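Subject: Structure handover

Hello,

Here is the structure for your files. My notes on it come after the coordinates.

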Amino acid sequence: MTDSARPKTGWFKAKWLIFAVVVTIAMFALMGWHVFNTFQVSRTVQEAYVRGEKLRDQICRLHQEQMLSLAMLVATNSTTWERRYEEIERKLYSAIQHALGDNQPGYNMEALASLKEAHERLRERGNRAIELARVGYTRQALGMLTAPKYERPRNAFSEQTDLFIQDYRKYLSTRLLGERDRELISLVVAFFIFAISLSVWIILVRRLDRHQAEMVQEIGERTSAEQELRQLAGHLQSVREHERSAIAREIHDEM
């Protein structure tokens, strides 16, 4: 009975040990996947951040070059500056239009629409100044470029550009923090599951050991009882033989 009970108990313990090892490997694999996923998300957010900064720098640079080329065109009425102004104007409009059509997550579309509107007002005022310069009113044309009516759309253009990039940065930061929070929660849950499985395995192993010890003790007690019974049976047998011998001697003596 002892030899048959031990293999069953050992196999049961081995199965739970294999289960605990598999769960441990799965938990570590899950942790590794979460770390890799967090790295991927961080890299994606960083790439998006770089794209946003490049777009902001491109719009600001083209806007400054546009203002410079417009002032030089009005002051000199040169065809070279006119071609330069028209080229920069096309690039700036294309950059704003591309950002509006791209519709990336986190883009402040209202800020981009206001940016486009401010650009159109600047272009309209600039075209008026160019027309005045062409007919000989260069001083008046330059005055238009410094007038409050021209300064307001310029300030609005800069403000909407800053608002757009600030909102985009905030969106990327929130996304990154939210992803890290989700990954942290997932890791905590994975560790909690692993701790529970390990605790269950330890409890079962202890119970199995205690049950095995009780079985061994019970088997020992039964073996001791069987030995006592055998000794008692042997003693009874010897008493019976002794009585038979005594009775046989008495009968022999009487005869």
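This is a predicted model: local features need pLDDT of at least 70, side-chain atom pairs count only at pLDDT 80 or more; totals for chains, interfaces and linings use all residues.

Residues are numbered from 1 along each chain as its sequence is written, and side-chain values use heavy atoms, with hydrogens and water left out.

Confidence. The average pLDDT (the predictor's confidence in each residue, from 0 to 100) is 79 for the protein, and 91% of the residues score at least 70. Over residues 1–5 pLDDT stays under 50, and the model has four contacts (heavy atoms within 4.5 Å) for them beyond four places in sequence.

Helices 2 and 3. Helices are DSSP runs of H or I with at least four residues, numbered from the N terminus. The axes of helix 2 and helix 3 come within 10 Å and cross at roughly 165°. Axes here are lines fitted to C-alpha atoms, for helices over the stretch in contact, and angles run from 0 to 180 degrees between N-to-C directions. Helix 2 is therefore roughly antiparallel to helix 3, the term for angles over 145 degrees. Their crossing is left-handed, meaning that the near helix is turned anticlockwise from the far one by less than a right angle. Ala, Val, Leu, Ile, Met, Phe, Trp, Tyr, Cys and Pro count as nonpolar, Asp, Glu, Lys and Arg as charged, and the others, Gly among them, as polar.

Helices 3 and 4. Helix 3 (residues 109–134) packs against helix 4 (residues 138–146) at an angle of about 165°, with the axes 7 Å apart. This pair is therefore roughly antiparallel, and the crossing is left-handed. Arg 125, Arg 128, Ala 129, Leu 132 and Ala 133 of helix 3 meet Thr 138, Gln 140, Ala 141, Met 144 and Leu 145 of helix 4. Six of the contact residues are nonpolar, two polar and two charged.

Ile 88. This residue lies in helix 2 (residues 79–102). Ile 88 is buried, with a relative accessible area of 1%; buried means under 20% (1.4 Å probe, protein chains only). Leaving aside neighbours within four places in sequence, Ile 88 is in contact with Leu 62, Glu 65, Gln 66 and Ser 69. The C-alpha atoms of Ile 88 and Met 67, which are 21 residues apart along the chain, are separated by 9.7 Å.

Regards

Methods:
Helices (H or I, at least four residues) and strands (E, at least two) are DSSP runs, numbered from the N terminus. Angles under 35 degrees count as roughly parallel, over 145 as roughly antiparallel, 65 to 115 as roughly perpendicular and the rest as oblique. Buried means under 20% relative accessible area, exposed over 50%, partly exposed in between (1.4 Å probe, protein chains only).
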